[in-house]
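These are my notes from going through one model.

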Amino acid sequence: MTAATGQRWTLRGAHTEYTVTVPAHGRWLELVAWGPHGVSDGPSPVAYDGPVPFLTAGDAAPIEYATDADRPFTGADLVIETVDGKRRVGFVHTDARIDAYQRELAVDFVDPVTRLRATVHYRVPEGTDVVQRWVELSNDGTDELRVVRAGSGGFCVPTPHGALLSHQWGQWSQEFQLSHVELGHGTFGIGSSQGVPGHLHVPWLAVRDTAGPAGPAWGIALAWTGSWEIRAERDTGGLTRVRAGRQLVDGPLELAAGERLSLPVVTGAYSPDGLDGLARVWHTHQRLLAGDRLTDRPVLYNSWEATYFAVEAQSQLALARIAAELGVETFVVDDGWFVGRNDDTAGLGDWTPDPAKFPAGFDTFIAEVRALGLNFGLWVEPECVNPKSTLYAEHPDWVYAVDGRPLTPVRNQYLLDLGRPEVAEFVHSTVDGLLRRYDIDYLKWDFNRPRTEPGRPGGVGPLDLDGAHVANLHRIFERLRRDHPDVLIEACAGGGGRTDLAMAARADVFWPSDNTGPLDRLAIQYGFLHANAPHLLSSWVTDAPGLFDPRPRTLGFRFVLAMAGVLGIGADIRAWTPAERAEAAGWIARYKEIREIVTRGEVHLIGGPDQARCAVQYTAPDQRRVVVLAWHTGRLDGAGLLPSRPVRLPLRGLDPAARYSDGERHYSGSHLGGVGLPVQWSATHDADLIVLTRD
């Protein structure tokens, strides 16, 4: 039985609306309009009423969720196959429900032949300008079905002059590199087959019309911590359709009779103010995901770059004493604290503190750290195992493997099959046990290798290894946060290999890169902040040179850079001079004065790392204070004898009629937004932290 067609629903965000309809034929949902309030009035900006010779109507229509019967030629979101290999599932609309606040919508469809049911869900979280979408599939028939393509949805964007796509590419130590592609016609795709979002691409894409890059921007991001894909297709009629979802690296998903499958959430965002405005939409959304865990993050010290694997109580305590004197609040012991772990060839899986490294006991060591006024944090990598470990000797069948094929070591380690219930229970009980046994406030959860062998020893039939691993990972994080609500969890995957909206809802902080060199890190953080809020950005002050741009920068530059998110220190502070320690203490004190604004403020990205000016502006929610972090990105490695002209930083979002003061000078809001805030650089002054107060 079909429901009435021609229905139309509008979901309303803080400043935006998203309107969809079921056309008269009732076969699919179509987008009517997506943009600012009122965009749904009048003709649809994405409708295409012209002829479609040599194609079907669905290939040109702005379909929200398309099967291969709807879009047989230009790319479907969902492809279903019967046991005898037949495809072309086609839906008929049956029902719909929308809540009284116009923020949640569910639209039902059924395929009359296979009895596959699909419910397309929409949610606009209150106070945001994002729309979350996901699909629930249910096999109400009597025969098994195979899901060959499992997209979460398609977003249609009007690009009459051409599509300008913005994406983030990278590699280990060079993540979140922001790049732009003009797509006149055809297809652009990014993704990961590594079982994690990966370093190569971020599950995030922005779309603008080439004629107005500073104008409206639409964004798409996937909440999935496994293999994924995003594809943008621009047709000859000027419509760009972006489809996003899982990449089924393990083959089709089996959907037995009576079974249900929920596909990952894909989120769309809109801003009238280009990429800078789109970043603020994502920040608002991620702060909402954090909920009551959106707190000012502590200033931390991490011992990795100071000691690497040479962890032992006395050297760690020496670092902790200096860190406490500087004003650090949390001391994190990184890799090397457990039995058998003197390098990266052994020990992973045996999560017991090494008594030789902590002869007085790990409890005593932690108590001594805490006696300095510091909280305590610990590094773990519980999804991986070294061949040289007790765990692997006892459970070699717990790692991903293909029967009869050799294993591929990456970083001298294998990956545990977290989809196995006994493995998931081991991982959870191990980490949970550490948190219950020891007085730990901060957990750095690392992941240093992707999945290579796509199999389970003795496994029967096709297995969704990717989906099972992600589902259990999410459950473990949720259980740990429920049972240990005061423990902050940092998500790391060899740097920024595991950042997506699903993890942003389950982790408190991201480690964006193992590269802490200042100019390299500036580019990494610039890209990161386009897709992620500052409370997720963990950044350390170190003495490491960049791997791609090794030019040195002052200690002040490195501190101001690390203040752009969650401030940390990773240098060997034992080697710092008294003057450097005094300077560091001053910067830490200043950060504590501004971190509430960094955490919750409205962010404006000014310039860029490849420009003469690069800054991030944070405006307090009450508009009373403005924090500006600015960096000189040019050459400052000479004698510093040449004159330096001041740079003007145009600030955004200020009241043009208001007056602002930095303690010495007074400015009008119109001056700061037009002429800009002057900053003077020199060889010894290559960064600035400026706080403006509204008079």
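I count two strands as paired if DSSP finds at least two bridges between them. Helices (H or I, at least four residues) and strands (E, at least two) are DSSP runs, numbered from the N terminus. This is a predicted model: local features need pLDDT of at least 70, side-chain atom pairs count only at pLDDT 80 or more, and totals for chains, interfaces and linings use all residues. Residues are numbered from 1 along each chain as its sequence is written, and side-chain values use heavy atoms, with hydrogens and water left out.

**Entry 1: the parallel sheet.** I looked up the strand order of the open sheet of eight strands and found β27-β26-β25-β22-β21-β20-β29-β28, with parallel pairing. Its edge strands are β27 (509–510) and β28 (538–541), each pairing on one side only.

Entry 2: I took contact as heavy atoms within 4.5 Å. Axes are lines fitted to C-alpha atoms, for helices over the stretch in contact, and angles run from 0 to 180 degrees between N-to-C directions. Helix α4 lies across β20 (300–302), β21 and β29 (566–569), at about 155° to β21. Helix α11 (residues 555–562) lies across β28 and β29 and runs at about 165° to β28.

**Entry 3: helix α5.** Which residues of α5 (residues 362–371) are buried? I found F362, F365, I366 and V369, where buried means under 20% relative accessible area, exposed over 50% and partly exposed in between (1.4 Å probe, protein chains only). Seen down the axis of α5, its buried residues fall within an arc of 95°, so they line one face of the helix. The arc is that of the directions from the helix axis to the C-beta atoms. The cover over these residues includes α4 (313–326), β21 (330–333) and β22 (375–380). Just after α5, G373 takes a positive phi of about 90°.

**Entry 4: nonpolar cores.** By a nonpolar core I mean a set of buried Ala, Val, Leu, Ile, Met, Phe, Trp, Tyr and Cys residues joined through side-chain atoms within 4.5 Å. The largest has 122 residues, and W337, F559 and W631 have the most contacts inside it. I listed the contacts of W337, leaving aside its neighbours within four places in sequence; among them are W351, F358, F362, L378 and L434. A second, separate core of 56 residues includes A118, V207, L248 and L255.

**Entry 5: strand β14.** Seven of the seven residues of β14 (residues 217–223) are buried, so the strand is largely enclosed by the rest of the structure. A217, G219, A221 and A223 point one way, and W218, I220 and L222 the other way. Strand β13 (residues 204–209) pairs with β14 in the antiparallel sense over four bridges, and A206 has G219 as its bridge partner. Seven bridges join β14 to β19 (residues 265–271), again antiparallel. The partner of A223 in β19 is V265.

**Entry 6: the antiparallel sheet.** Here I looked at an open sheet of six strands, in the order β30-β31-β32-β37-β34-β35, with antiparallel pairing. Its edge strands are β30 (602–607) and β35 (666–668). Neighbouring strands of this sheet are turned by 25° against each other on average, direction ignored. Six bridges join β30 to β31 (residues 614–619), and the bridge partner of E602 in β31 is T619.
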